[in-house]
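Work through the following exercises with the sequence and the 3D structure open beside you. Each task is followed by a solution that goes step by step.

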Amino acid sequence: MLLDAQDVKVHFPIKRGVVFDRTVGYVYAVDGMSLQINRGETYGLVGESGCGKSTFGRALLRLEEPTAGAVTFDGTDLSSLKGETLRKQRRNMQMVFQDPLSSLDPRQTVEALLLEGMRAHGLTKDKAAAHARLRELLAAVGLPEAALKKYPHEFSGGQRQRIGIARALSVDPQLIVADEPVSALDVSVQAQVINLLEDVQEQFGLTYLVIAHDLAVVRHISDRVGVMYLGALVEEADADDLYAIPLHPYTRALMSAVPIPDPQVEDRRERIILAGDLPSPAAPPSGCRFHTRCPWRQDTRCDTDRPELREVRIEGVPASHRVACHFAEQIASGELQPHSVAPTAVDPDADQPRPDVIEDGAPGADPYPDARPPGV
Ligand SMILES: Nc1ncnc2c1ncn2[C@@H]1O[C@H](COP(=O)(O)OP(=O)(O)OP(=O)(O)O)[C@@H](O)[C@H]1O
């Protein structure tokens with residue numbers, strides 16, 4: 001295992017008052033995230049905007065100071081590191097950002113941008129080796145050598161993301177946290193950048209945490225996927241298992257919002273519309289964080305007991321597939337039915353409610369408005 005995060009929390013204080021600067025509450029952006037990433041693996045982390053994905057990614061790199069929890073990287077407890085040792089450790093963990101234009105200094109040439117990180121880690125002392133490295137990086141990300149003398153604004157969005165990736169690679173890291181690496185790019189360019197991430201992973205032996213709100217992007221690139229809701233994981237599985245048998249009601253809702261480009265499959269598939277908006281992370285619901293929007297919620301414990309991420313006893317579901325739902329087994333077997341579903345099957349072509357549409361949701365409340373069909 002390369003990275004082990006245990007019960008990581010990042011709570012941002014909410015301050016009021018000019019003079020007293022009182023803390024009147026907290027934004028529970030990350031609230032008990034535990035996950036492990038194996039060497040050479042790609043872990044995809046998905047969830048809707050505001051669920052805490054970026055904050056968690058930043059906390060792993062100590063770009064955000066965790067309020068609680070532990071992060072161990074390659075056997076080293078990162079919380080024990082300070083100053084120079086932390087700075088040295090950062091070389092092993094790099095970040096690729098969503099918007100390459102805002103993460104690249106517009107006044108620096110590509111050469112200067114790439115050398116900056118290398119210099120900070122003492123990798124430019126041998127000038128010939130440093131320049132050989134620059135050429136290697138450009139070749140790896142598919143840019144010509146002439147790119148070195150140019151500025152970020154002279155490139156297209158996709159090319160800029162290539163520079164962002166080259167920059168992350170420049171210090172020879174082990175782990176890259178890619179935070180929405182393609183969501184600012186045109187759909188036509190997204191696949192190229194995803195393919196590039198896969199190519200350089202193989203070439204440089206990298207481990208990835210890929211953060212995205214888009215299930216399709218994560219599916220394509222990930223070995224395992226974790227689904228996050230209001231600061232914590234609700235489900236985690238090998239990518240194929242998660243997409244084949246989504247167990248958590250939230251994951252099922254996310255999946256059901258991704259259009260499938262096959263009208264027959266599209267007609268038969270489950271469609272779940274979630275009630276309401278994502279609750280504020282400053283006032284998360286009690287018990288299961290998802291109970292306020294869950295079509296399967298039960299009065300017995302959903303609003304009081306916070307479910308652990310746990311293995312389930314469901315035929316065909318491996319132990320690696322874990323879910324934080326008290327009633328996962330009963331939901332999967334059909335023993336529990338979602339609320340407000342029309343009782344009988346209807347002709348999908350007829351002008352009446354579909355049996356698999358949950359009607360108590362806000363009309364048009366698409367939890368995944370930007371989702372695209374799989375196959376990126
Ligand atoms: N520095 C901060 N101070 C206070 N609140 C913050 C801070 N950074 C993030 N938050 C809040 O924490 C919550 C989680 O934010 P975060 O950016 O991690 O979510 P996300 O899932 O990555 O969403 P997005 O994809 O929109 O960035 C949000 O409610 C956000 O407003």
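**Exercise 1.** Determine which residues surround the ligand and which elements supply them.

*Solution.* The shell holds 13 residues, and the closest are Phe-12, Ala-29, Ser-49, Ser-54 and Thr-55, where a residue is near a molecule if its C-beta atom, placed from the backbone, lies within 6 Å of it. Two or more residues come from each of β2 (22-37) and α1 (53-60), and α1 gives the largest share, three residues. Helices (H or I, at least four residues) and strands (E, at least two) are DSSP runs, numbered from the N terminus. This is a predicted model, in which local features need pLDDT of at least 70 and side-chain atom pairs count only at pLDDT 80 or more, while totals for chains, interfaces and linings use all residues. Residues are numbered from 1 along each chain as its sequence is written.

**Exercise 2.** Describe how α4 and α6 pack, starting from their angle.

*Solution.* Helix α4 (residues 110-120) and helix α6 (residues 157-169) pack at about 30°, with their axes 8 Å apart. The two helices are therefore roughly parallel to each other, a term for angles under 35 degrees. On the α4 side, Val-110, Leu-113, Leu-114 and Gly-117 meet Ile-163, Ala-166 and Arg-167 of α6, contact requiring C-beta atoms, placed from the backbone, within 7 Å.

Notes:
Axes are lines fitted to C-alpha atoms, for helices over the stretch in contact, and angles run from 0 to 180 degrees between N-to-C directions. Angles under 35 degrees count as roughly parallel, over 145 as roughly antiparallel, 65 to 115 as roughly perpendicular and the rest as oblique. Two residues are in contact if their C-beta atoms, placed from the backbone, lie within 7 Å.
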